[in-house]
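Subject: Structure for you to look at

Hello,

Here is the structure I promised to pass on. Please open it and keep it beside you while you read.

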Amino acid sequence: MLRVLAVDDEKPLLEELLYLLRSDPRVHSAEGASDATEALRRVTRALESGPDGPDGIDVVFLDIHMAGLTGLDIARLLAGFARPPLIVFVTAHEGFAVQAFDLKAVDYVLKPVRPERLAEAVRRACAQLGRAEEVPVAAAPPVGPPAVVAAPRPAPEAAVPDRGPEQIAVELGGVTRFVAIADIAYVEAQGDYARLHTDEGSHLVRIPLSTLEERWAARGFVRIHRRHLVALARIDELRLDSGTTTVRVGSAVLQVSRRHARELRDLLMRHATG
């Protein structure tokens, strides 16, 4: 059973998060803190008490944007302790996912929070603490409380699958969309994630660039750099300037590494004459 601290400086959202956590049978206790100072005071007391002490905390569910210290700042401070609690970020912003997982976060849940998505974060925390056997088969979503929040996060899901041969599923604000692979101009590596760039915007998915390189090779995607995978048909221009090779893909100018430059030129020539 988990002992949980939830931290959010927006009181209605904190109350909703606590309600959902307390409704999960795997959560023994859930306390709230409405600012960074209160959260650090409570965690310090827990660390002084020890992991088996009466004030112990197993997991901190942490908002990122707060007055004063951010959730990322708090996580960095906690990382300096010998046995810090696990961290689950709960935020309305998907752009901090890479930083969050660099800080060894267990999960990254987007607001508004959907009960089943939060239940998955609890499951992951239990598994990391070696308590997976205590997890019920399914945590039923609670019924009733303030309907202030409800729907999950996107990017840090386990690998997002393709939908058939032509689309990939992405999540944003609790909504699953199917993006046509033909609409993706290039892909950018961001740690264990990949950011898909289209003419309409970008989407972060929890799939390594190397996986997409292998999966989409037959669809005309080529590796041009350790950080970039590009749709060959979307390259508008190839430039060689003072020994540096770049490609222009729409408004983006991307560097081509030396090891990929010759192969890319050959592919573009074959593509142009084919």
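Below is what was found in it, going from the whole chain down to single residues.

Please keep in mind that this is a predicted model.

**The whole protein**

The protein has 274 residues, and 47% of them count as buried. It holds seven helices and 16 strands. The accessible surface is about 13,900 Å². Carbon and sulfur atoms make up 51% of that surface.

**A sheet of five strands**

Find the open sheet with the strand order β11-β10-β9-β13-β12. Its pairing is antiparallel. Which strands stand at the edges? They are β11 (201–205) and β12 (221–225). Each has a single partner strand, so one side of each is left without a neighbour in the sheet. On average, neighbouring strands here are turned by 25 degrees against each other, direction ignored.

Look at one pair in detail. β10 covers residues 193–198 and pairs with β11 over five bridges, in the antiparallel sense. Arg195 stands opposite Leu204 in β11.

Start with α3, residues 71–79. Its buried residues are Gly71, Leu72, Ile74, Ala75 and Leu78. Look down the axis of α3. The buried residues fall within an arc of 160 degrees, so they line one face of the helix. What do they pack against? The partners are α2 (36–49), β3 (59–62), β4 (86–91) and α4 (97–102).

Next comes α5, residues 115–128. This helix has 14 residues and reaches 20 Å from its first C-alpha to its last. That is close to the 20 Å expected at 1.5 Å a residue. Its buried residues include Leu118, Ala121, Val122 and Ala125. Two arginines, Arg117 and Arg124, are buried in α5 as well. After α5 comes Gly130, with a positive phi near 75 degrees.

**Backbone details to check**

Most residues other than glycine have a negative phi, and most peptide bonds are trans.

- The peptide bond from Lys111 to Pro112 is cis, with omega near -5 degrees. Pro112 lies in the loop between β5 and α5.
- Lys104 has a positive phi, near 65 degrees, and is not a glycine. It sits in the loop between α4 and β5. Is Lys104 buried or exposed? Its relative accessibility is 67%, so it counts as exposed.
- Ser242 also has a positive phi, near 55 degrees. Its loop joins β14 (237–241) and β15 (244–249). Ser242 is exposed, with a relative accessible area of 75%.

Best wishes

How values were computed
Residues are numbered from 1 along each chain as its sequence is written. This is a predicted model: local features need pLDDT of at least 70, side-chain atom pairs count only at pLDDT 80 or more; totals for chains, interfaces and linings use all residues. Side-chain values use heavy atoms; hydrogens and water are left out. Two strands pair if DSSP finds at least two bridges between them. Helices (H or I, at least four residues) and strands (E, at least two) are DSSP runs, numbered from the N terminus. Axes are lines fitted to C-alpha atoms, for helices over the stretch in contact, and angles run from 0 to 180 degrees between N-to-C directions. Buried means under 20% relative accessible area, exposed over 50%, partly exposed in between (1.4 Å probe, protein chains only). Accessible areas come from the Shrake-Rupley method with a 1.4 Å probe; for residues, only the protein chains shown count as cover. The arc is that of the directions from the helix axis to the C-beta atoms. Contact means heavy atoms within 4.5 Å. The expected span of a helix is 1.5 Å times one less than its number of residues.
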